[in-house]
Amino acid sequence: MLKRTLTVLWAATAMGAVGCGQGADDVESTEGAILGDALPGTNAAAFAAARANFSLTETVQDGAGPIFNERSCSACHSNGATGGAGQNIERRYGRVVNGLFDAMESTGGSLRQLFGLGGFNPSPGLNCQSGVDTLPAGATIRDSGRLTTPLFGLGLVDSLPDARFDTLASREPAAIRGIVNRVSIVMANPADASQRNGATRVGRFGWKAGVSNLGQFSADAYLNEMGITTSSCNFGVANRSFGTENRSNRAPTNALINGCPDDLVPGTDDDFATEENNCAGGVNELQDDVANFTFFMTHLAAPPAVPIAAGSAQDRGRTLFGSAALQCSGCHRSDPDIFVSTAAGGVQAGIVFTPYSDFLVHDMGTLGDGIGNTGDTVAVTRRMRTAPLWGLRSRNLLLHDGRTSDRGAAIAAHNGGANGQGTAAAAAYSALTTAQKSDLLAFLATL
Ligand code: HEC
Ligand code: HEC
């Protein structure tokens, strides 16, 4: 439903967007930081207010539902600090027809919303039924899981120009080389003036790197996780991409939400019209809540790592992590010339960070989740983004479906068979001595 109550605290957003150049001014983003801190240069009041919005529990009156997975962003993203990973594992489904993935969009796929409001009264005298989003009988890929990922440091990643990812791919050994996943921008981030709807940008967010910027991910999550529709303005044009309710299994209008308003039916929803009228005159801004989520995530600092003493088990583990035999660092990358923020999107330029990911997708063989966009080949459905390992010690569940909390088991699971680009790494890990494994895990525990 349309978000009706808006918390406006947007005046402060331009602060913190001061570039400080690169080179001698470079700062380590993790120096003395605590998980959940803001990046240097962030306006503290704006950050606190944006975090509060991220944690706000939404009601039916706010527009939540009719079907949803949770009622606040932080209900899922909370491990370690607000914005962290979480235990919630989403469910996706689909099928393969003539060798191509079919998201079964006519049934509301591929993401399921696991809860419904049931009977609800958005206004006096209006009796509505949400229904429930069920797993359709024809789905052959059933309830594939997707664990909630952490959001720390992602503003730094959002600020990287596309060319950095091309460079990363070119540096990777052919056998494990990732693919730069260029996707269409559905909602340009107004804070980055270079972005345009419909233009391509490197997808870098989500388990499959399918989304190119944090603003779009916010509007998408608000709609698809919480059931709150929004309309934003891109260069004076209303962006309605996140303005249509999810109905249980994509029921036809008024069948299950009986007599209840659909935000996109003209004339039935004044608030929507008001939001869209706000676009007149070339306005380029996100809906207020979406803007707050975006601001919060953009300014969340990278997770702080534990310092490593020379000659320690952690130090030996770090060497193993980068060794030619294991090649962990071939995909889980921290190239210091690549991972330096720019001012695009509103963070300070020149912040060096170590995400232990290339944000590229790799064919992980049988470890892949089998989910894609309609029309993708089966090979594409096996592709997964290298999971960033920063902040690993604040995590419990691991891998895209949260199948384990054991780091050694997560490494062993890189064995995805003949197609898997992680298979050699898993084999090299299993060939380590017990002492070496213990050193490698000691290093991972510093992240
Ligand atoms: C029901 C649980 C749930 C809720 C509520 C939720 N998320 Fe998420 N979030 C997830 C899951 C699961 C993923 C991984 C999704 C994927 O890759 O397909 C995710 C991923 C993300 C990512 C991508 C992070 C990365 O690693 O690249 C962003 C950004 C994000 N969420 C923002 C939000 C915002 C903003 C809200 C509130 C509007 C929100 N989420 C609400 C579960 C949730
Ligand atoms: C070919 C690229 C590649 C190589 C090489 C590689 N990984 Fe990964 N790693 C991935 C991908 C992709 C994922 C996410 C897989 C999934 O869940 O579907 C991942 C996930 C992980 C995870 C789980 C993180 C999380 O957030 O759930 C850990 C831990 C990990 N890798 C450690 C290692 C270690 C240690 C090595 C070296 C022995 C290694 N990886 C080698 C690509 C790689």
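Q: Why is H7 largely enclosed by the rest of the structure?
A: Because 10 of its 11 residues are buried. Bear in mind that this is a predicted model.

Q: Which residues of H7 are the buried ones?
A: They are Asp-289, Val-290, Ala-291, Asn-292, Phe-293, Thr-294, Phe-295, Phe-296, Met-297 and Thr-298.

Q: And what covers the buried residues of H7?
A: The cover includes helix H1 (44-55), H2, helix H3 (154-158), H5 and strand S11 (232-234).

Q: Let me step back. How many helices and strands does the chain have?
A: There are 13 helices and 15 strands.

Q: What percentage of the residues count as buried?
A: The figure is 49%, in a chain of 447 residues.

Q: What about contacts between residues at least 6 apart in sequence?
A: Of those, 71% join residues at least 24 apart.

Q: What is the average pLDDT of the chain?
A: The average is 89. A score of at least 70 is reached by 89% of the residues.

Q: Where does pLDDT stay under 50?
A: Over residues 4-29. The model has 61 contacts beyond four places in sequence for that stretch. Where pLDDT is low, predicted coordinates should not be read in detail.

Q: On to the ligands. Which residues come nearest to ligand 1?
A: Asn-69, Cys-73, Cys-76, Thr-149 and Gly-206, out of 25 residues around ligand 1.

Q: Which elements give two or more residues to that shell?
A: Helix H2 (73-76), strand S8 (141-147), helix H5 (214-226) and helix H7 (288-298). H5 has the largest share, with 7 residues.

Q: How does the shell around ligand 1 split by class?
A: It has 14 nonpolar, 7 polar and 4 charged residues.

Q: Now ligand 2. Which residues come nearest there?
A: Cys-328, Cys-331, Ala-387, Leu-398 and His-400. They belong to a set of 25 residues around ligand 2.

Q: Which helices each supply at least two residues of the ligand 2 shell?
A: Helix H9 (328-331), helix H11 (407-412) and helix H12 (423-430).

Q: And the classes around ligand 2?
A: The shell holds 15 nonpolar, 9 polar and 1 charged.

Q: How do strands of a sheet pair in general?
A: Through backbone hydrogen bonds, either parallel or antiparallel.

Q: How many bridges does S3 make with S8?
A: Strand S3 (residues 89-97) and S8 pair over 5 bridges. Arg-91 stands opposite Gly-145 in S8. Gly-94 has Ile-141 of S8 as its bridge partner.

Q: How many bridges join S3 to S4?
A: There are 3 bridges, with the strands running antiparallel. Val-97 stands opposite Leu-100 in S4.

Q: What is in the hairpin of S3 and S4?
A: There are 2 residues between the strands. Asn-98 takes a positive phi near 50° there.

Q: What is 6.1 Å from Leu-100, C-alpha to C-alpha?
A: Val-378, which is 278 residues away in sequence. Val-378 sits in helix H10 (residues 378-381). Beyond residues up to four places away, Val-378 touches Val-96 and Gly-99.

Q: How exposed is Val-378?
A: Val-378 is partly exposed, because 14 other C-beta atoms lie within 10 Å.

Q: What is the phi of Ala-209?
A: It is positive, about 50°, although Ala-209 is not a glycine. Ala-209 lies in the loop between strand S10 (200-202) and H5.

Q: Is Ala-209 buried or exposed?
A: Buried, with 26 other C-beta atoms within 10 Å.

Q: What about the phi of Tyr-356?
A: Tyr-356 has a positive phi near 55°. Its loop runs between strand S13 (351-352) and strand S14 (361-363). Tyr-356 counts as buried, with 22 C-beta neighbours inside 10 Å.

Technical notes:
Residues numbered from 1 in each chain as written. Chains lettered and ligands numbered in written order. Predicted model: local features only at pLDDT ≥ 70, side-chain atom pairs only at ≥ 80, totals over all residues. Near = placed C-beta within 6 Å. Helix = DSSP H or I, 4+ residues; strand = E, 2+ residues; numbered from the N terminus. Nonpolar A, V, L, I, M, F, W, Y, C, P; charged D, E, K, R; others polar. Pairing = 2+ DSSP bridges. Buried ≥ 20, exposed ≤ 12 C-beta atoms within 10 Å, placed from the backbone. Contact = placed C-beta atoms within 7 Å. pLDDT = per-residue confidence, 0-100.
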